[in-house]
Amino acid sequence: MVDHDDTISSPASSSNLVDDSVDEQRTNDPCLGRAELVEYARDKSVVVSIGDVSRTYRVGGEVLHALNHVSLDVYAGEYLSIMGPSGSGKSTLFNMIGGIDTPTQGDVMIRDVAFSKLPRRLQARLRNRCIGYIFQTYNLVPVMTASQNVMLPMLLGGADKKQAAQRAAALLAEVGLDHRLHHRPDELSGGQQQRVAIARSLANDPSIILADEPTGNLDTKTGEQIIKTLSDMSRQRGVTIISATHDHKMLSVSDRVVTIRDGRIDNIELRDQLHIEIGSIEDHVPAVAESGIGEVNHE
Amino acid sequence: MNEPVPLNSGPLLQQLQDDTSGLSNRMLLSLAMAGLRVRLLRSAVTILSVVLAIAFLTYMGIAGSIERNVASSVVELERTFASNSDGDRNTSGTSSVTGALNDARVKHLNHEQAQDDANRMRFLLRRNGTSVETALSGSSTNTWLITMALLTCTVGVWNAMLMSVTERFREIGTMKCLGAVDSMVIKLFLFESAFQGLVGAIAGVILGLVVALTAAVLQFERFGWTRFPVDQLGKVVCMALIVGALLAVIGAAYPAFIAARMKPVDALRTEE
Ligand SMILES: Nc1ncnc2c1ncn2[C@@H]1O[C@H](COP(=O)(O)OP(=O)(O)O)[C@@H](O)[C@H]1O
Ligand SMILES: [Mg+2]
């Protein structure tokens with residue numbers, strides 16, 4: 001299906017036959033051979049393929065493995081949560097997938113494109129057209145209004161100013177901020193800023209939304225609303241969501257949960273499995289019982 | 001509206017290569033202007049450093065010219081005075097062939113006037129701590145002073161630019177995540193700095209002229225007006241504007257380049 005070896009070579013060019021790629025390169029993958037995960041992957045197309053990615057930092061002569069041979073496929077339209085304690089490498093993985101940082105080893109493929117092998121100009125275009133970013137710290141441009149912030153990715157993509165303004169207004173209305181179009185970030189609450197960020201991430205109709213602890217700076221109730229908005233809007237549009245979190249409430253909306261620990265994939269669970277294995281999760285994380293997992297049970 | 005690229009249809013790479021739409025220069029300019037307007041205080045500080053540099057440059061240029069004009073007037077007047085007395089005695093040169101009595105009286109009046117002016121100007125020059133000879137020789141201390149002041153100002157402008165870029169690293173990182181290409185970041189800062197440089201230079205020229213003129217009138221009385229170097233004005237103003245814009249652009253170029261080349265992750269990691 002992808003046949004341009006002349007350009008950027010993609011040894012693991014995305015294929016619907018997930019089984020092949022599993023055999024080829026996923027030696028560290030804990031899901032290897034697990035029937036329910038293979039079943040889950042059936043008929044799904046791979047949007048992001050993380051192939052044996054490592055990222056090491058050199059801190060004062062010592063080598064720190066923030067990511068240690070991580071391999072993972074992300075499927076079109078799924079809501080994937082990356083769980084793990086603080087310092088486990090979630091943000092590092094987020095940066096790798098979003099092309100914000102380059103792997104020390106291995107490649108992240110967005111469809112048929114290896115991010116790190118693209119020229120910088122095309123990297124920018126890929127980020128602009130295909131990926132929406134949501135950060136824990138919102139990262140709105142402080143000197144721009146909510147509306148201008150949402151317009152920015154469209155303008156960077158060459159959109160007409162008037163149309164961009166209209167679309168920004170529509171998106172902001174959808175996240176419930178139609179009365180805050182011309183407010184600057186410092187005039188908005190944290191939850192409102194994150195809503196603007198959600199609207200901005202959807203500005204160019206991306207196929208992937210990356211969220212790094214989007215609720216990390218918000219109180220429980222606001223966090224829940226943000227997660228609901230994010231998952232509702234992405235489901236409507238069929239957007240793939242990859243969200244790093246250590247908040248167990250996020251699990252209730254996730255299709256699949258990847259747990260990482262010390263830079264390695266520790267476990268992969270499907271939504272249906274979550275309540276089956278609830279006992280074991282509870283052992284590790286006592287907080288689960290009163291937070292999100294209960295909702296999963298209903299579904 | 002730019003078409004979203006559906007990842008599921010066909011080779012993404014091809015689509016990325018084909019879709020070349022991007023931020024227009026006009027939009028970039030309006031982004032830069034909006035940024036300047038919002039960061040008024042910060043840009044005012046940067047502009048102020050350019051204003052001072054250019055005002056100084058203009059002042060030195062104009063003030064030096066006035067001094068030189070006054071000095072050469074002295075020489076000129078004294079030469080006419082000398083040649084007139086000569087001409088009266090022997091050659092009665094071509095100009096005074098038709099010289100009537102009236103002419104001679106006028107000449108005599110002018111002659112006295114010229115002598116008074118020359119003496120007055122000599123005195124004023126001396127009062128300002130210089131002399132006809134020094135002023136005419138185009139003292140090297142001035143050039144030295146101007147060079148030093150310009151260097152200092154360049155460093156000042158550079159510092160202001162560096163600050164304004166580094167405090168926006170995070171914003172730049174965010175913009176890169178949203179799809180800003182390197183050249184856009186560079187252009188944004190160069191637009192901003194060129195604009196600041198021009199505004200600063202225009203204000204600086206005006207300030208420099210006002211100060212130079214006031215000082216000239218205080219130092220050389222009416223001669224400050226009459227010996228004003230109108231012919232030099234255009235040259236000095238043009239040079240000041242060019243130097244002002246260059247100062248700002250050169251000051252911004254390096255930090256802008258650094259910011260543009262930065263990996264998004266490094267830009268994002270910096271504190272707001
Ligand atoms: N720029 C860096 N330099 C050195 N070490 C880093 C850097 N960024 C992250 N790390 C280390 O990598 C590990 C993973 O970090 P991170 O991905 O931010 O974790 P998480 O997002 O899960 O909290 C941590 O041990 C952290 O200290
Ligand atoms: Mg993190």
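Guide: Start with one term. A polar contact is a pair of N or O atoms within 3.5 Å; within protein, one must be able to donate a hydrogen and the other to accept it. Keep in mind that this is a predicted model.

Visitor: What makes the link between Asp182(B) and Arg120(A) a salt bridge?

Guide: The cut-off is 4 Å between a side-chain nitrogen of Lys or Arg and a carboxyl oxygen of Asp or Glu. Here the N to O distance is 2.5 Å. That is within the cut-off, so the name applies. Across the interface of chain B and chain A, the rule finds three salt bridges.

Visitor: How many residues of each chain are in contact?

Guide: 40 residues of chain B are in contact with 53 residues of chain A.

Visitor: Why give an area for an interface?

Guide: The size of an interface is often given as the accessible area lost when the parts come together. For chain B and chain A, the buried area is about 4,100 Å². Carbon and sulfur atoms hold 64% of it.

Visitor: Why is the site of ligand 1 called shared between chains?

Guide: The site is shared because residues from chains A and B surround ligand 1. There are 13 residues around ligand 1, and those that come nearest are Gly87(A), Lys90(A), Ser91(A), Thr92(A) and Arg269(B). α3(A) gives the largest share of the shell, three residues. The shell divides into five nonpolar, six polar and two charged residues.

Visitor: How do you know that Tyr57(A) is in polar contact with ligand 1?

Guide: A polar side-chain atom of Tyr57(A) lies 3.4 Å from a nitrogen atom of ligand 1. The cut-off is 3.5 Å, so the pair counts. A polar side-chain atom of Arg269(B) is 2.7 Å from a nitrogen atom of ligand 1. For Gly87(A), a polar backbone atom is 2.6 Å from an oxygen atom of the ligand.

Visitor: How much of ligand 1 does the protein cover?

Guide: On its own, ligand 1 has 560 Å² of accessible area, and the protein covers 69% of that.

Definitions and conventions
Residues are numbered from 1 along each chain as its sequence is written. Chains are lettered from A and ligands numbered from 1 in the order in which they are written. This is a predicted model: local features need pLDDT of at least 70, side-chain atom pairs count only at pLDDT 80 or more; totals for chains, interfaces and linings use all residues. Side-chain values use heavy atoms; hydrogens and water are left out. Contact means heavy atoms within 4.5 Å. Buried area is the accessible area (1.4 Å probe) that two parts lose on being put together, summed over both. A residue is near a molecule or strand if one of its heavy atoms lies within 4 Å of it. Accessible areas come from the Shrake-Rupley method with a 1.4 Å probe; for residues, only the protein chains shown count as cover. Helices (H or I, at least four residues) and strands (E, at least two) are DSSP runs, numbered from the N terminus. Ala, Val, Leu, Ile, Met, Phe, Trp, Tyr, Cys and Pro count as nonpolar, Asp, Glu, Lys and Arg as charged, and the others, Gly among them, as polar.
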